[in-house]
Amino acid sequence: MIAPVLSVQRLSVRIGAARILDDVSLAVPAGGTLGVVGESGCGKSTLLRAILGILPRGAEVPGGAVLFGGRDILADGGASARGRIGFVPQDPYLSLNPVFRAGDQILEIMRRHAPGTRRDHRARLVELFRAVQLPEPEAALAKYPHQFSGGQRQRLLIAAALCCDPALLVADEPTTALDVTTQREILALLQGLAAARGLALLFVTHDFGVLASLCESVTVLYAGRVAESGPTRDVLDDPRHPYTRMLLACHPDRATALAGIPGTVPAATAQPDGCRFHPRCPLARGDCALDVPQPVLHRGRVIACPYHAEALPEVALA
Amino acid sequence: MPEILGARELVVALGGGRRGLLGRRTAAVRAVDGVSLSIAEGETFGIVGESGCGKTTLARTLLGLQREATGEILLDGRRASGRAPPAARRDRAAVQYVHQDPGAALDPWWRVGATMDEGLRIHGVRDAGQRAARIAEMLEAVGLDAAMAVRYPHELSGGQQRRIGLARILLLRPRVVILDEPTAGLDLSVQAAVLRLLRDLRGRFGLTYVFISHDLSVVRRVCDRIAVMYLGRIVEEGSAEQVFAAPRHPYTRALLAAAPHLDGRASTAPPLTGDPPSLRAVPPGCRFHPRCALARAECAVTPPPTDTVAAGHAVACHRWRETVDAPEKVPA
Ligand SMILES: Nc1ncnc2c1ncn2[C@@H]1O[C@H](COP(=O)(O)OP(=O)(O)OP(=O)(O)O)[C@@H](O)[C@H]1O
Ligand SMILES: Nc1ncnc2c1ncn2[C@@H]1O[C@H](COP(=O)(O)OP(=O)(O)OP(=O)(O)O)[C@@H](O)[C@H]1O
Ligand SMILES: [Mg+2]
Ligand SMILES: [Mg+2]
């Protein structure tokens, strides 16, 4: 196996009484594409922040490591990640300073982290703006953030994340504001970079269509823990963890009614004991409320549920 | 049902007249350029289209946050346009907006419960107990723990912020709600809950929705009628059924064919060719012609008239009849 560009090992993150991540492990090889999915509030953005070494004030890491190119990012406060991991944040609106031209803000990042002159940087940025489908890429350099539409701001940030030629791109829902034709161009661009330059991709998404077309493997998070992980195709075709199965049953391609999973993701301050999914799980039984399920390996997949082979009752999927 | 909100030949110019930092005059662009629509009371009216085609600008203008250059807006059959933003917004208080960027809608220094409470108070709910009860009820409806009310926006995840933004507006029970990408970034189970909530509220309070979204499978399920926008114009409009089952405009067809599927199957259409369109250089004739596989000489010269395809189904394309015989697969 190729040495991974990124490897997260048994990572846990807390903020005060909130247990946001517990024992999360994953790896992305060079040129590899990993998708992270899971319900709102289950810790996806926090995982990305840990990988970038930018956890919020007050966050503690009681255990685990984040290795990027062999170095522990948590140990050096993110220094070895700077300029080498591209990041597309979840909220493009909050990530750009409204009083500076968008182009200048990105050129400033390049000045600090990318080799070359300002002219090289401008040329490279215009090329990137074109690649992310911004209209009139030259003129876009001089515009202020509010002069772009929501989806255009999102694409600005994708260009910004790629501007220093990173080894790893970490993206938090980067195509939510894009129509499907534009989205398709962006996904093709990223796939091209992964294939041609070995760019490794870690993609948080709620969109299973995007997951299916972009990501080779997937990690499903639930309430701060890994529920299931493995090759995307296998997981989508034959989800095993009850949570994955119920989540996929909500997909409009599969669901007939406006199905949902009964109940809600627990607050990070009130995580249930045992399996965190047990209060919502139709397969749950006594021991599920007591023991943290140990991940088992099943046909190239990791599943954190001892009852994954059992059929779900029909009503749970209705 | 009668029209509750309408627009006639609406034109919106952005960025004009303001001087840039270097003292240069920036030319205005017409982000909305001749849009007419009629939204019936109680319906869910979908707006889809390419990123940057003018959906948010149209929404802001309907709300009275942005002044129209020409054209009219009608609310309850009465002319509601012609005034500048603060006054226009007051006139159209019955129309509310759920912001595309959840972070832009919440005050970072206020606990989210306080923001919601303030909204209800401004809307005249005097009784504090009643306000608290309605907030708790609404939080539950969007799938959030009532304890979330004491959090600050930065202590919430992206999807939690979006749900707070939605709850904050729905609490006020406006008559028309413009939802700008209400399900973006929500996972499937929460999305299903939010869509159910919207449907229930519509039934209970007779709300009307304008639903702007890039998610075609959601639009298909929740919208009664759909308008497809391209570069500031509506190019096709019809019932959800008509637009999805028999799309006539080549742009609509390209859009429907590009939707990614769960099974990872390749899209049924070639990607759109050509550069993304720019408002500073709007193509003459049909605005879509430089990227259209069906384009002929006349498309580059004459703007297409809006033709009626069937009752309630209209398309602005010179060559829509040729798409009739070439049925394309649309996403299931
Ligand atoms: N203040 C402004 N000055 C100049 N141009 C602007 C301004 N605001 C928006 N625009 C341009 O107007 C067009 C329409 O923007 P709008 O935000 O309405 O698009 P949208 O359809 O909502 O797109 P998205 O799906 O990406 O949110 C875009 O091309 C945008 O760049
Ligand atoms: N400062 C904080 N104090 C307490 N809880 C917090 C804080 N910051 C985040 N949380 C909680 O941690 C959990 C994980 O948040 P995170 O942003 O990682 O979720 P997410 O998986 O990215 O969700 P989404 O899909 O909605 O963006 C959430 O339940 C959130 O409310
Ligand atoms: Mg998030
Ligand atoms: Mg918009």
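Ser12(A) lies in strand E1 of chain A, which covers residues 4–15. The model examined here is a predicted one. With a relative accessible area of 9%, Ser12(A) falls below the 20% limit and is therefore classed as buried. When its neighbours within four places in sequence are set aside, Ser12(A) is in contact with Leu21(A), Asp22(A) and Asp23(A), and also with Glu60(A), Val61(A), Pro62(A) and Gly63(A). The side chain of Ser12(A) places a polar atom 3.1 Å from the backbone nitrogen of Asp23(A).

Asp23(A) itself belongs to strand E2 of chain A, residues 18–29. The relative accessibility of Asp23(A) is 36%, and this residue accordingly counts as partly exposed. The backbone of Asp23(A) has a phi near 60 degrees, a positive value in a residue other than glycine. Most residues other than glycine have a negative phi. Asp165(A) is located in the loop that runs between H6 and strand E7 (168–172) of chain A. Its relative accessible area of 41% places Asp165(A) in the partly exposed class.

Lys44(A) is a residue of helix H1 of chain A, which comprises residues 44–52. Although lysine is counted as a charged residue, Lys44(A) is buried, at a relative accessible area of 6%. Beyond its neighbours within four places in sequence, Lys44(A) is in contact with Val36(A), Val37(A), Gly38(A) and Glu39(A), as well as with Glu173(A), Val204(A), His206(A) and Leu221(A). Between the C-alpha atoms of Lys44(A) and Arg122(A), which are 78 residues apart along the chain, the separation is 33 Å.

The fold of chain A as a whole was considered next. Chain A contains 11 helices and 12 strands. Its radius of gyration is 20 Å, close to the 20 Å given by the globule rule for 318 residues, so chain A is as compact as a globular protein of that length. The C-alpha trace of chain A extends over about 65 × 45 × 40 Å along its principal axes. Buried residues make up 56% of the 318 residues of chain A. Of the contacts in chain A between residues at least 6 apart in sequence, 63% link residues at least 24 apart.

At the interface, 54 residues of chain A are in contact with 56 residues of chain B. The area buried between chain A and chain B is about 4300 Å², and carbon and sulfur atoms contribute 55% of that area. One salt bridge is counted between chain A and chain B; in it, the side chains of Arg153(A) and Asp101(B) meet at 3.2 Å, N to O. The two chains also share 12 residue pairs in polar contact, with both residues at pLDDT 80 or more. On the side of chain A that touches chain B, at least two residues each come from helices H2 (92–95), H6 (150–162), H7 (180–197), H8 (208–214), H9 (232–237) and H10 (242–249) of chain A. H7(A) gives the most to this side, with six residues. By residue class, the side of chain A that touches chain B consists of 21 nonpolar, 20 polar and 13 charged residues.

Technical notes:
Residues numbered from 1 in each chain as written. Chains lettered and ligands numbered in written order. Predicted model: local features only at pLDDT ≥ 70, side-chain atom pairs only at ≥ 80, totals over all residues. Heavy atoms only, no water. Contact = heavy atoms within 4.5 Å. Buried area = accessible area lost by both parts, 1.4 Å probe. Salt bridge = Lys/Arg side-chain N within 4 Å of Asp/Glu carboxyl O. Polar contact = N/O pair within 3.5 Å; in protein donor to acceptor, adjacent residues only side chain to side chain. Helix = DSSP H or I, 4+ residues; strand = E, 2+ residues; numbered from the N terminus. Rg over C-alpha atoms; globule rule 2.2 N^0.38 Å. Buried < 20%, exposed > 50% of the residue type's maximum accessible area, 1.4 Å probe, protein only.
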